[in-house]
Amino acid sequence: MYGSRGAGASAGRRMPAVVLGAALLITGCSSDGGDGSDKDADAGAGITQQPKETAPFWVNPDGTAARQLAALEKAGKKQDAEHIRKIAEQPVAEWIGPDNPEEQARGFTEAADKAGRTALLVLYNIPHRDCGQYSQGGAADGNAYREWLDGVATGIGDRSATVILEPDALLHLVDGCTPEQFHEERYDLLKGAVTKLKSLKNTKVYLDAGNAGWQHPDQIFEPLQWAGIDKADGFSVNVSNFYSTDDSIAYGKQLSAKVAGKHFVIDTSRNGKGPYTQGSPDERWCNPPGRALGETPTTKTADPLVDAYLWVKRPGESDGECKGGPKAGQWWADYALKLARASS
């Protein structure tokens, strides 16, 4: 359904395991070497932090791509390893799963804090999530969501975090995918989430607002207002999708003009060759072939309204069970390699 479906379907990821903050702090993050890059190798794969002045977000040295990189190097597959390194060495978002949210959020933010970086987190647990499709699920009800969110907020504490809030949640209200009886509660939950997260000392919040292929900003700006965009730092565009950075900037600027000039961030994780235009329009968003990694994460962007290019979608994770892919959120090594090989 429309271009926005890429966010929800591929967002149905689960954490490979609950992150143990102490273990990450012991084995994961190295000290900053005076020029802003970290000199010590991590996780056996030589993963370091990116220079803070251009990419202040934390690189997980034990992420799925880093583990594949280490395995490829061990197997002597040097060329494949160097391709996967393009993914493993970049900061990608950590999607907080439904279980133990406080422990997950604490683990990621403590590790990022120790490295002198900001944790990039995605909250994707809204009730009635994804309209029963590839990434269906979410909290059982509003009270369960509020309790889960409280855990996330406690886990973040005063540490630095940037949060992408509930991909597709607003779009699925606008496009009719989410039944009418759930609309009022969802707006209340999103507004409450913005308020809760913005009460934290060092947390930025961006409400998800679709992508350049999803109809027109006129259809989403009021829902953004009802969901609390006035208290948020801004909105996110192109999450888990493939629209070009130029098109995403144009869409974001149109939308920004309707919501008091709010800034935005763009998911550039897989937009290096733009959207897929072949096959059934209903599934062009799902594991499309021939795509490539986009601009690497940075706060040095092409427009002052764009706070950052981010890798919100974790490149190499499946969008869902289509085109031979595994379940949404599962690592797909072959697809990861193809993304990386197609990138300059």
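Helices (H or I, at least four residues) and strands (E, at least two) are DSSP runs, numbered from the N terminus. Thr203, for instance, is found in strand E6. What you're looking at is a predicted model, where local features need pLDDT of at least 70 and side-chain atom pairs count only at pLDDT 80 or more, while totals for chains, interfaces and linings use all residues. Residues are numbered from 1 along each chain as its sequence is written, and side-chain values use heavy atoms, with hydrogens and water left out.

**The big picture**

The protein chain has 11 helices and 9 strands. Of its 344 residues, 58% count as buried, where buried means under 20% relative accessible area, exposed means over 50%, and partly exposed is in between (1.4 Å probe, protein chains only). Now for contacts, meaning heavy atoms within 4.5 Å. Among contacts in the chain with a separation of 6 or more, 73% are between residues 24 or more positions apart.

**Two helices side by side**

Take helix H3 (residues 64-74) and helix H4 (residues 78-88): their axes come within 9 Å and cross at roughly 165°. Axes here are lines fitted to C-alpha atoms, for helices over the stretch in contact, and angles run from 0 to 180 degrees between N-to-C directions.

Which residues of H3 meet H4? They are Ala65, Ala66, Gln68, Leu69, Leu72 and Glu73, and their partners in H4 are Asp80, Ala81, Glu82, Ile84, Arg85, Ile87 and Ala88.

**A disulfide**

Searching the whole structure turns up 1 disulfide, defined as a pair of cysteine sulfur atoms within 2.5 Å. It joins Cys286 to Cys322, with S to S at 1.8 Å. Cys286 sits in the loop between strand E8 (263-267) and strand E9 (306-310), and Cys322 in the loop between E9 and H11, so the pair ties together parts that are 36 residues apart in sequence. The torsion about the S-S bond of Cys286 and Cys322 is about -100°, so the disulfide is left-handed.

**A few residues up close**

| Residue | Relative accessibility | Class |
|---|---|---|
| Cys286 | 0% | buried |
| Cys322 | 4% | buried |
| Ala209 | 0% | buried |
| Thr203 | 2% | buried |
| Asp168 | 3% | buried |
| Lys323 | 40% | partly exposed |

Leaving aside neighbours within four places in sequence, Thr203 touches several residues, including Ile156, Val163 and Asp233. Ala209 lies in the loop between strand E6 (203-208) and helix H9 (221-226). With the neighbours within four places in sequence set aside, its contacts include Leu171, Phe235 and Tyr251.

Most residues other than glycine have a negative phi. Asp168, in the loop between strand E5 (161-165) and helix H7 (171-174), has a positive phi of about 75° although it isn't a glycine. Lys323, in the loop between E9 and H11, also has a positive phi, near 55°.
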